[in-house]
Amino acid sequence: MFKGPVPPIVPFSLGSLGFMTPFHSEHYREYLNSILRGPISITLRHRLQCHIIRDEAKSEYENEGPMLVLNEVTIDRGISSFLTNLECYCDNSFVTCVQGDGLILSTTSGSTAYSLAAGGSMVHPQVPGILFTPICPPSLSFRPLILPEYVTLRVVVPFNSRSHAWVSFDGKGRKQSAPGDALVCSMATWPVPTACQVDSTSDFLRSIHDGLHWNLRKAQSFDGPRDP
């Protein structure tokens with residue numbers, strides 16, 4: 001809805017995880033009354049701005065974008081039985097060639113979504129950065145990266161790729177990417193401000209404790225002598 005500035009959003013949880021939605025819908029009246037009285041804390045959630053540059057485009061008007069994502073943009077192999085083959089660049093520097101099921105470019109707010117399931121780090125949403133997370137690469141050394149917010153990432157389907165790739169934006173708007181096409185992503189100018197129940201850090205820690213049961217384990221038992 002908002003390609004430019006975004007008004008503050010009060011996010012209510014209707015699901016089971018609620019990383020971005022700290023308010024429970026059954027208590028919406030008291031939450032809204034409290035928010036309207038103020039003051040409230042705000043989390044500024046960064047978005048990615050994405051374009052698809054078509055190799056066959058005769059002009060810039062035949063390219064696609066901008067598409068804005070709050071969680072992640074994913075480029076994968078779709079229904080093809082072949083691994084993806086993606087050449088990745090950060091500004092003008094070559095990063096790597098991704099061979100696997102695909103690649104996730106995620107915001108830090110999206111770090112607890114698909115990127116987490118693919119082995120990426122959990123990152124506080126106020127940290128400005130872009131997560132670079134491969135999906136099922138057949139390599140023991142291909143670890144995820146966290147890149148600074150000011151870079152521009154370019155993911156190219158090379159001409160020697162065995163198949164097309166597919167790009168989706170926050171899990172929607174799926175588009176085919178042919179050999180020679182490029183996905184270009186950078187940090188969007190306008191973040192999404194969301195209201196906090198307590199504050200940004202408290203809400204984030206509570207969400208990973210309650211939603212993921214992060215580091216939930218039995219305490220170590222005492223079974224030896226105490227130090228003198």
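Threonine 84 counts as buried because its relative accessibility is 5%, where buried means under 20% relative accessible area, exposed over 50% and partly exposed in between (1.4 Å probe, protein chains only). The model is predicted: local features need pLDDT of at least 70, side-chain atom pairs count only at pLDDT 80 or more, and totals for chains, interfaces and linings use all residues. Residues are numbered from 1 along each chain as its sequence is written, and side-chain values use heavy atoms, with hydrogens and water left out.

Threonine 84 is in strand S7; strands (E, at least two residues) and helices (H or I, at least four) are DSSP runs numbered from the N terminus.

| Residue | Contacts (within 4.5 Å) |
|---|---|
| Threonine 84 | Asp76, Arg77, Val98, Gln99, Gly100, Asp101, Gly102 |
| Proline 148 | Gly129, Ile130 |
| Phenylalanine 169 | Cys50, Ile52, Met67, Val69, Glu72, Val73, Lys175, Leu183 |

Strand S7 belongs to an open sheet of six strands, ordered S5-S4-S15-S12-S7-S8 with antiparallel pairing. Its edge strands, S5 (64–69) and S8 (93–100), each pair on one side only. Direction ignored, neighbouring strands of this sheet are turned by 20° against each other on average, with axes being lines fitted to C-alpha atoms and angles running from 0 to 180 degrees between N-to-C directions. S7 (residues 84–90) and S12 (residues 153–156) run antiparallel and are joined by four bridges; pairing requires at least two bridges found by DSSP. Glutamate 87 has valine 156 in S12 as its bridge partner.

Phenylalanine 169 is also among the members of the largest nonpolar core that touch the most other members, along with Val73, Leu86, Leu103, Leu105 and Leu183; this core has 27 residues. Such a core is a set of buried Ala, Val, Leu, Ile, Met, Phe, Trp, Tyr and Cys residues joined through side-chain atoms within 4.5 Å.

Proline 148 lies in strand S11 (residues 145–148) and counts as partly exposed because its relative accessibility is 31%. Its C-alpha is 6.8 Å from that of proline 128, 20 residues apart in sequence.

Helix H3 (residues 200–212) has 13 residues, which at 1.5 Å a residue should span 18 Å, in agreement with the 18 Å between its end C-alpha atoms; the expected span is 1.5 Å times one less than the number of residues. Buried in H3 are Ser200, Asp203, Phe204, Ser207, Ile208 and Gly211. They cover an arc of only 125° around the axis, so they are on the same side of H3; the arc is that of the directions from the helix axis to the C-beta atoms. These buried residues pack against strand S3 (42–45).

How values were computed:
Contact = heavy atoms within 4.5 Å. Lists of a residue's contacts leave out its neighbours within four places in sequence.
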